[in-house]
Structure formats: C-alpha cells, structure tokens
Amino acid sequence: MRAFDATRIFFDRAADQMELTENMRRMMITPKREVQVQIAYEQDNGELNTTIGYRVQHDDARGPMKGGLRYHPDVDLDEVRSLAALMTWKTAIVNIPYGGAKGGIAVDPKTLSVRELEIVTRRFIDGLHDVIGPDTDIPAPDMGTNAQVMAWIMNQYQKYHGFNPAVVTGKPVELFGIPGREEATGRGVGIFAVKLLSRLGRKPQQTRVAIQGFGNVGSYTARFLADAECKVVAVSDVSGGYFRGDGLHISELLRYVSEHGNSLAGYAKADHITNEQLMRLEVDVLIPAALGGVIDVETAHAIRAPIIIEAANSPTWPDADQVLEQRGITVLPDVLANAGGVTVSYFEWAQNRQHYQWTLNRVRQELDRVLSDAFERVWELAHERKISLRTAAWILGIGRVGRATVLGGIA
Ligand code: NAD
C-alpha cells in the first residue's frame, strides 16, 4: 500500500462517521497544487548531480498552507502528498489559522557536505519561490532539515521577493526564529503523554517508556518525559536501540549524541537491542519518533505496550491500526501528538509579522494552552461517540476544514 492510500483510508473512516458525500470527500482529499522541480548542482568533486524536489499544497480553506520539508532518500511525490494532507487536518485539530502542505527532496543529507546541502536548498527555492510565501505556503523543518536549512530558505527567498522572514519557520533564534521552536514537537508529545497518562489513571513515576528515534522529536520527548519522572528505558536511532531496565540517563545520552556526530552508536552504558526489539518491549508507553510505516500488522500483534503515542508522522498502517484497536491499545494519533511543532511555528510566524519577539515562557504557556484545548476536544469526542482517538481527531479536523470550505463558498 502507498502512503497516500493509507491516508485515504483513515480519511474515509472519519468521513463515514460524518456521512460526508462522495463529492465532498473527493474535493477535500485532492491536493490543490503539486509542484515538482529539478535540482541540478555541482558536487564538491566537480561532478554534476541532479535530484528532484517536491511541494504539495493540499488545502488552504483555513489559511496559508503550512508544512515541513523532508530531506530523505525515500522521499517521493506519494509520500509528500500524504504528509501534506495530514498537515491540513493537524492545523485544523489544534485550531491554528493554516491549511496544509509538505515538501521534500529525495536526498540523503548525511552524504552531502555543508556546501552541497546549502546549494541543494537554494536551488530548491529557486524552483519554488513563486508558489510559497508568508500568505500562501510557509515551509518548516522536518526529518533531515534544521534551523540552518530554514535560514538559507529565508535568504534565498528574499533575493526574489525582498525581506520577509515569515516565509519560513523553524529559523535560528538569532535570525528571526522563536525560542522554543526546536523543542516544540517533542515537548508537545511529552505534554500529551502526561495528559493521557492522567486520563488513564496512570502515574508518570510508574511509567516505562520506549522511544524509537533520537533526533529532534525523539530526544526532546525523552528529555521532557524524564523531567516528568517517567522512566525512559529504551531509545534508538538508525544505529539501533539502547535499553536499560532501571531507566536511561537521558542528559548523559544527549551529551553523548552531541559529542558523537548526532549518533547513539557506541553508547556503552546500556544493552544494545534492535529497532524491532524496541517496538516489542514490555513497556507502558511506546513512542515511534522516526520513520513512517513502522507498525504493520505483524508488529501490531507483537507490541506489548498498552499505549502508543505517534510522534512520527504516519507510523501505523490502517490495517495495523485496526489490530491495535481490537487489542484495546490506546493510540494517540500523529495528527494530534506531533502538532506542537506547527503550533510554535505559528507563533514564530505571528511574531515575525509583528516584529516582536516572545519569551520562552510565553511560548511554552501558549503551547500548553493550545495543545490542552485540542486534547480535551478530541478526548471528549472519542468518548461521546465511542470511537478511537484517531477517528475523533480526524473528525474534528475534517469538520473544521469542511465548514471553512463551505463558508468561503464553493461556487
Ligand atoms: P530527525 O532527522 O531529527 O531525527 C530522525 C531520527 O530517526 C534520528 O535519530 C534517526 O537516526 C532516526 N532514524 C532514521 N531512520 C531510522 C530507522 N530506520 N530506524 C530507527 N531510527 C531511525 O527527524 P525529526 O525531526 O525528529 O522527525 C522524526 C519524525 O517526527 C518524522 O516522522 C517527522 O515527520 C515527525 N515530525 C517532526 C516534526 C519536527 O518539528 N521536527 C514535527 C512533526 C512531526
């Protein structure tokens, strides 16, 4: 199954509950615009290389489209299309005035020098600058991109259109960024985890957590949950998993990673396990925070955690989701769980437009408020209708987008 087919199935599960007509479904799921650009550049060794960059603008009924840029060898149009649609529901679920978009380049950033990464990014914006902008489509970081890449995007865009830092979010704090953006997605995952535990009558101190992925999202999630007194017993990255039954020392792990090229490889104060083993650990909370598609039917049967929090986008295939539901496993879905990042991106954009910088405290307070409201709405809807948190979240998002579409007028 392709990524967008999976998105369509989740969409239809919610649309069935809402009794949406086929015509309305087709209009809401079809992307507004898809752009594909050639990126040709000279490598450090003087050879010519060519790759492809994508931007899918899914829906703008509720405001300018918003979504990250992913640099990863597996990026293709289908994946970007699926992630763009998720952004439409995500921004609606947390009720920020945006639509949804996503972009990416089929490239492995680890194989590029800093100079090559900069050139690839600038050529991408040369191809995209006419279709993005602070009132149309605002990119942000995702897997394989970071604040430096966002700074290059801002700089390249202004060569065509003049100074306008609100064209991209996730910028360095020293260059029109906002304090708290880097931590925002992981912090949001942590905030939701604590809320969910409380609703399920569990105490953080008695909660064992395993996290797949120790990049931006996974590492900040681990830090937040360790501070909240949960026991993070396993983390992993592309080098494999690291397990310690009485809890990993997260601040030591963070130091290790920053001193070892952002990798956990070689960390010796824990047992080495595989990523597959991590997914099947006997823990209370499992948090996929790396790639999509990691929970298939077989894994869904093998998972022993009663709670899954989807920090990654699209970690669960639709048929696996049904298995998890039948097994009574509580899943906090991606469209809600990782919405902290886009929420603080919205604060950054608003701050850029006001030319006024918020404090970290204010960012954290507002983030907590926005996410708490969204969590309560989804939780209540799920319990009122006796449906999963995923279907409830999608109903909330699709409903808001649908109402904006109809109010704006379709004729
Ligand atoms: P990142 O590039 O900072 O980190 C990715 C992590 O995943 C790294 O630790 C990497 O080693 C690990 N990884 C890669 N391949 C793996 C594999 N095969 N097995 C196990 N681990 C693997 O990316 P990120 O920004 O932390 O994004 C992680 C996920 O969160 C993605 O699904 C992304 O779409 C989602 N997300 C990110 C943000 C954000 O603000 N960065 C916001 C919303 C959602």
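# Chatting through rings, strands and a kinked helix

Reader: Hi! Let's start with Trp349: does it count as buried or exposed?

Author: Trp349 counts as buried, because its relative accessibility is 10% and the cut-off for buried is under 20%. Keep in mind that this is a predicted model.

Reader: Good to know. How many aromatic pairs does a search of the whole structure find?

Author: The search turns up 13 aromatic pairs. One of them is Trp89 with Trp394, a tilted pair with 6.1 Å from centre to centre and 40° between the planes.

Reader: Which parts of the chain does that pair link?

Author: Distant ones: Trp89 sits in helix H3 (residues 77-93) and Trp394 in helix H15 (residues 389-408), 305 residues apart. Both Trp89 and Trp394 are buried.

Reader: Back to Trp349, then. How is it arranged with Tyr346?

Author: Tyr346 and Trp349 also make a tilted pair, at 6.2 Å centre to centre and with 35° between the planes. The two residues belong to helix H13 (residues 340-354) and are three residues apart, about one turn of the helix.

Reader: Nice. Is Tyr346 buried or partly exposed?

Author: Tyr346 is partly exposed, because its relative accessible area is 23%, and the buried class is kept for values under 20%.

Reader: Which residues do ring pairs link into a cluster?

Author: The cluster is made of Tyr98, Tyr346, Phe347, Trp349 and Trp358.

Reader: Switching to strands! What is the order in the open sheet of seven strands?

Author: The order is E9-E8-E7-E6-E10-E11-E12, and the pairing is mixed. Strands E9 (271-273) and E12 (330-332) stand at the edges with a single partner strand each, so one side of each has no neighbour in the sheet. From one strand to the next, the twist averages 20°.

Reader: How do E6 and E7 run, parallel or antiparallel?

Author: Strand E6 (residues 208-212) and strand E7 (residues 231-237) run parallel, joined by five bridges. Ile211 has Val235 of E7 as its bridge partner.

Reader: What about E7 and E8, how many bridges there?

Author: Four bridges, with E7 and strand E8 (residues 240-243) pairing in the antiparallel sense. A hairpin of two residues connects E7 to E8, and Asp237 has Gly240 in E8 as its bridge partner.

Reader: Now E4. Why is it called largely enclosed?

Author: Seven of the seven residues of strand E4 (residues 99-105) are buried, so the rest of the structure largely encloses it. Both faces are covered, with Gly99, Ala101, Gly103 and Ile105 buried on one side and Gly100, Lys102 and Gly104 buried on the other.

Reader: Which strands does E4 pair with?

Author: Strand E2 (residues 48-59) pairs with E4 in the antiparallel sense over six bridges, while strand E3 (residues 65-71) runs parallel to E4 and is joined to it by five bridges. Gly103 of E4 is the bridge partner of Arg55, and Leu69 stands opposite Gly103 as well.

Reader: Where is Lys66 found?

Author: Lys66 is in strand E3, and it counts as buried because its relative accessibility is 0%. Its C-alpha atom is 8.5 Å from that of Ala84, which is 18 residues away along the chain.

Reader: Last topic: where is the kink in H6 centred?

Author: On Arg187, with a kink of about 30°. The end C-alpha atoms of helix H6 (residues 181-199) are 27 Å apart, which agrees with the 27 Å its 19 residues should span at 1.5 Å a residue.

Reader: How many residues of H6 are buried?

Author: 14 of the 19 are buried, so H6 is largely enclosed by the rest of the structure. Just after H6, Gly201 takes a positive phi of about 70°.

Conventions. Residues numbered from 1 in each chain as written. Predicted model: local features only at pLDDT ≥ 70, side-chain atom pairs only at ≥ 80, totals over all residues. Heavy atoms only, no water. Expected span 1.5 Å × (residues − 1). Bend = angle between axes of the 7 residues up to and from the residue. Buried < 20%, exposed > 50% of the residue type's maximum accessible area, 1.4 Å probe, protein only. Phe/Tyr/Trp six-rings, centres within 6.5 Å; stacked < 30°, edge-to-face > 60°. Pairing = 2+ DSSP bridges. Axes fitted to C-alpha atoms, helices over the stretch in contact; angles between N-to-C directions.
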